[in-house]
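Please read this briefing alongside the sequence and the model.

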Amino acid sequence: MLSPQELCATAKGNVEEINVEQLQERIAEGARVIDVREPGEYAAGHIRQAVNMPRGVLEMQLNQHPDVAGYDDALQRIAEQPLYLICRSGGRSALAAESLQRMGFDKVYSVDGGMQAWEEKKYPQVTGE
C-alpha cells in the first residue's frame with residue numbers, strides 16, 4: 001500500500017513539471033492555468049489568470065473551461081494548447097496531470113512547489129472569486 005506522499009511522488013515521476021519561474025514566463029505568453037485546489041483555497045489567494053477546477057471534479061468540468069465552453073469538441077479544443085496545473089504544493093497538480101494524461105492530454109504540466117513556491121517568490125495573487 002502506498003502512502004499519500006508515495007502516491008504523489010509516483011505521479012511526479014510520471015508527469016512533466018515546471019517551476020514557478022517558468023510558469024510566470026508562460027503566463028506572460030498567455031498560458032492556460034488551472035488551479036486544482038478547493039474553492040476556499042482558491043478564494044484565499046490565486047493567480048489572476050487561473051481558472052479554479054478542483055482536482056475532484058477536474059475531468060468532469062474541463063469541457064466547461066471558459067476558453068472552450070459551449071463547443072461540441074471542447075476537450076479537443078482545450079487539448080490543443082498546453083495546460084498548466086497548480087495546487088498548494090505540487091502533489092494534487094501532479095495527480096491531476098497524470099489523470100489528464102490518461103485521458104489523452106499530452107501537453108499538461110504540473111507546477112512544482114505550487115502556490116507555496118509562488119508565494120515564496122512574492123509573485124502577484126488575487127483574493128476572492
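**A buried serine**

S99 counts as buried, because its relative accessibility is 11% and buried means under 20% relative accessible area, with exposed meaning over 50% and partly exposed lying in between (1.4 Å probe, protein chains only). This is a predicted model, in which local features need pLDDT of at least 70 and side-chain atom pairs count only at pLDDT 80 or more, whereas totals for chains, interfaces and linings use all residues. Residues are numbered from 1 along each chain as its sequence is written, and side-chain values use heavy atoms, with hydrogens and water left out.

- S99 is found in helix 6, residues 91-103, where helices (H or I, at least four residues) and strands (E, at least two) are DSSP runs numbered from the N terminus.
- The side chain of S99 makes a polar contact with the side chain of E59 at 2.4 Å; such a contact is a pair of N or O atoms within 3.5 Å, and within protein one must be able to donate a hydrogen and the other to accept it, while residues adjacent in sequence count only if both atoms are side-chain atoms.
- The axes of helix 1 (residues 4-14) and helix 6 come within 8 Å and cross at roughly 55°, the axes being lines fitted to C-alpha atoms, for helices over the stretch in contact, with angles running from 0 to 180 degrees between N-to-C directions.
- That makes helix 1 oblique to helix 6, since angles under 35 degrees count as roughly parallel, over 145 as roughly antiparallel, 65 to 115 as roughly perpendicular and the rest as oblique.
- The residues that make the contact are L7, C8, T10, A11, K12 and N14 of helix 1 together with G91, A94, L95, E98 and Q101 of helix 6, contact meaning heavy atoms within 4.5 Å.

- D35 is found in strand 2 (residues 32-35) and is buried, with a relative accessible area of 0%.
- Not counting residues up to four places away in sequence, D35 touches Y42, H46, A50, V51, N52, M53, P54 and I86; the C-alpha atoms of D35 and P54, which are 19 residues apart along the chain, are separated by 7.0 Å.
- The side chain of D35 also makes a polar contact with the side chain of R37, at 2.8 Å.
- N52 lies in strand 3 and counts as buried at 18% relative accessibility.
- A polar atom of the N52 side chain lies 3.0 Å from the backbone oxygen of D35, and a polar atom of that side chain lies 2.9 Å from the backbone oxygen of R37.
- V51 also lies in strand 3 (residues 50-52), and its C-alpha atom is separated by 8.2 Å from that of P66, 15 residues apart along the chain.

**Helix 5**

- R77 is found in helix 5 (residues 74-79) and is partly exposed, with a relative accessible area of 31%.
- Leaving aside residues up to four places away in sequence, R77 touches R32, V68 and Y71, while R77 and N63, 14 residues apart in sequence, are 8.9 Å apart in space, C-alpha to C-alpha.

**After helix 7**

- K122 is found in the segment after helix 7 (114-120) and is exposed, with a relative accessible area of 72%.
- Phi of K122 is near 60°, a positive value in a residue other than glycine.
- Most residues other than glycine have a negative phi.
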